[in-house]
Amino acid sequence: MSDVPYFDALETRSADQRAAEQSAALQARLTGISVAPEDWRAAAAEVKTAADLPTLPVLRKSDLGAWQKARPPFGGVEVGDVTHVFQSPGPIYEPGRLDGDWFRMGRFLHAAGFSGDDMVQNCFGYHLTPAGHMFESGARAVGARVLPAGTGQTELQVIAARDVGTTAFAGTPDYLKIILEKADEMGEALGITKAAVGGGALFPSLRQYYMDRGISCLQCYATADLGNIAYESAAMEGMIVDEGVIVEIVTPGTGDPVDDGDVGEVVVTSLNPDYPLIRFATGDLSAVMSGQSPCGRTNMRIKGWMGRADQTTKIKGMFVRPEQVAALVARHDEVSKARVIASRAGEQDVMTVQVESAGGDADGYARSVVDLLKLKGTVEVVDPGTLPKDGLVIEDQRTYD
């Protein structure tokens with residue numbers, strides 16, 4: 001393990017220094033996007049700091065997919081000096097580069113204890129999708145050697161880990177357990193002492209399983225489009241936001257930030273000059289944690305993955321989407337929040353719409369519900385602050401047992 005406590009000086013910047021430096025990088029990214037519509041560029045010219053970002057629209061993966069279909073592979077987005085083009089399900093195409101820690105995974109691997117002394121068995125896929133390359137570039141950034149193992153062929157994975165002296169694992173949280181169990185079955189003792197995982201849930205019981213075997217296992221939150229977004233350190237108190245992105249937590253279906261501590265959708269602005277994505281919606285739910293990590297890193301922390309923000313639900317044969325609920329709130333100035341609840345009465349769907357308002361016209365709200373959601377439902381007016389702050393704007397309470 002490296003004796004250097006931090007990957008670089010960016011991790012311990014003061015809040016003022018980080019804000020100033022990220023604001024300068026943000027303005028450079030915004031002014032460099034010449035392919036955007038004129039009205040977007042006019043609005044972007046007014047953005048001076050991260051606090052101004054909510055004045056710009058949210059970019060969704062569906063938007064990116066539509067752009068790319070019209071103008072493959074990157075939808076007309078100006079891409080810098082890259083060496084790779086990847087394809088994720090959709091299909092969605094992402095650019096990349098192996099050198100220079102382009103995906104910013106080195107910061108996570110350093111926090112997970114990876115160093116130049118390690119042989120990393122990289123069990124992320126190398127075919128079309130970028131995960132394998134993302135973790136390989138991170139391993140290069142910390143000076144580690146890499147066995148590009150990919151997935152499958154578990155017996156060969158064990159033999160390779162034994163023969164090359166694997167000390168560190170990169171892959172999905174559950175795949176290391178499969179390798180270890182196969183090694184036990186084969187009577188092989190492997191030298192893996194650390195793991196960096198992503199792409200799935202690291203359940204507490206699974207982390208404990210690894211700890212019981214002397215393996216430290218930390219997780220990151222990354223996507224093919226954005227690279228590393230946030231990561232765990234040895235303190236294991238939330239996930240620290242990466243230095244190369246700006247993270248907002250917003251109400252699903254809108255671009256409106258929620259209060260710190262409230263659950264909302266993760267929206268990320270990438271400061272990567274080769275492929276800047278501005279207010280890119282991940283579709284994931286999380287919340288900002290208060291305070292600073294005990295490890296000494298000073299950036300904002302989030303609670304990690306807390307569910308999906310795309311709560312689109314079919315009620316009475318019609319899809320109800322978060323954007324429609326957001327439109328309902330926007331139509332009435334006195335309404336601060338709304339929540340659609342899908343339930344069943346006998347064999348029929350029932351829709352209840354709870355509206356936070358300091359005394360409003362329930363009949364008027366009901367007309368707006370029909371107009372915007374295209375369905376009739378019961379409207380309940382509740383006091384401001386009554387609805388849970390759990391990120392849900394559509395709650396499906398139906399069971400089909």
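Me: In this predicted model, buried means under 20% relative accessible area, exposed over 50%, and partly exposed in between. With that scale, is arginine 331 buried, exposed or partly exposed?

Reply: The relative accessible area computed for arginine 331 is 41%. Since buried means under 20% and exposed means over 50%, the value of 41% places arginine 331 in the class called partly exposed.

Me: How many residues apart are glutamate 188 and arginine 162, which form a salt bridge?

Reply: The closest N and O atoms of glutamate 188 and arginine 162 are 2.8 Å apart. Glutamate 188 sits in the loop between α7 (175–186) and β6 (194–197), whereas arginine 162 is in helix α6 (residues 154–164), and the pair links distant parts of the chain. Glutamate 188 is partly exposed at 23% relative accessible area, and arginine 162 is partly exposed at 38%.

Me: In the salt bridge between arginine 140 and glutamate 136, which helix holds both residues?

Reply: The side chains of arginine 140 and glutamate 136 meet with an N to O distance of 3.5 Å. Arginine 140 is partly exposed, with a relative accessible area of 47%, whereas glutamate 136 is buried, with a value of 13%. The two residues are four residues apart, about one turn of the helix, and both lie in helix α5 (residues 131–141).

Me: Is glutamine 311 buried or exposed?

Reply: Glutamine 311 lies in the loop between β14 (301–302) and β15 (313–315). Leaving aside neighbours within four places in sequence, glutamine 311 is in contact with Pro252, Leu285, Val320, Pro322, Gly391, Leu392, Val393 and Ile394. The relative accessible area of glutamine 311 is 7%, and because buried means under 20%, glutamine 311 is buried.

Me: Which residues lining the second largest pocket are the closest to its centre?

Reply: The second largest pocket has a volume of about 580 Å³. Its lining comprises 23 residues, which divide into 14 nonpolar, five polar and four charged. Both α1 (15–31) and β10 (245–250) supply at least two residues of that lining. The closest to the centre of the pocket are Gln22, Ala50, Ile246, Val247 and Met300.

Me: What is the volume of the largest cavity?

Reply: A search of the whole structure finds one cavity of 30 Å³ or more. The largest cavity is lined by Trp102, Phe103, Arg104, Asp225, Leu226, Gly227, Ser270, Asn272 and Tyr275, a lining that divides into four nonpolar, three polar and two charged residues. The volume of the largest cavity is about 40 Å³.

Key: Residues are numbered from 1 along each chain as its sequence is written. This is a predicted model: local features need pLDDT of at least 70, side-chain atom pairs count only at pLDDT 80 or more; totals for chains, interfaces and linings use all residues. Side-chain values use heavy atoms; hydrogens and water are left out. Buried means under 20% relative accessible area, exposed over 50%, partly exposed in between (1.4 Å probe, protein chains only). Contact means heavy atoms within 4.5 Å. On a 1 Å grid over the protein atoms alone, a cavity is a set of points where a 1.4 Å probe fits but cannot get out, and a pocket is an open set with protein on both sides within 12 Å along at least five of seven lines; lining residues have an atom within 4 Å of a point. Grid points are joined across faces, edges and corners, and a volume is the space filled by probe spheres set on the points. Ala, Val, Leu, Ile, Met, Phe, Trp, Tyr, Cys and Pro count as nonpolar, Asp, Glu, Lys and Arg as charged, and the others, Gly among them, as polar. A salt bridge is a side-chain nitrogen of Lys or Arg within 4 Å of a carboxyl oxygen of Asp or Glu.
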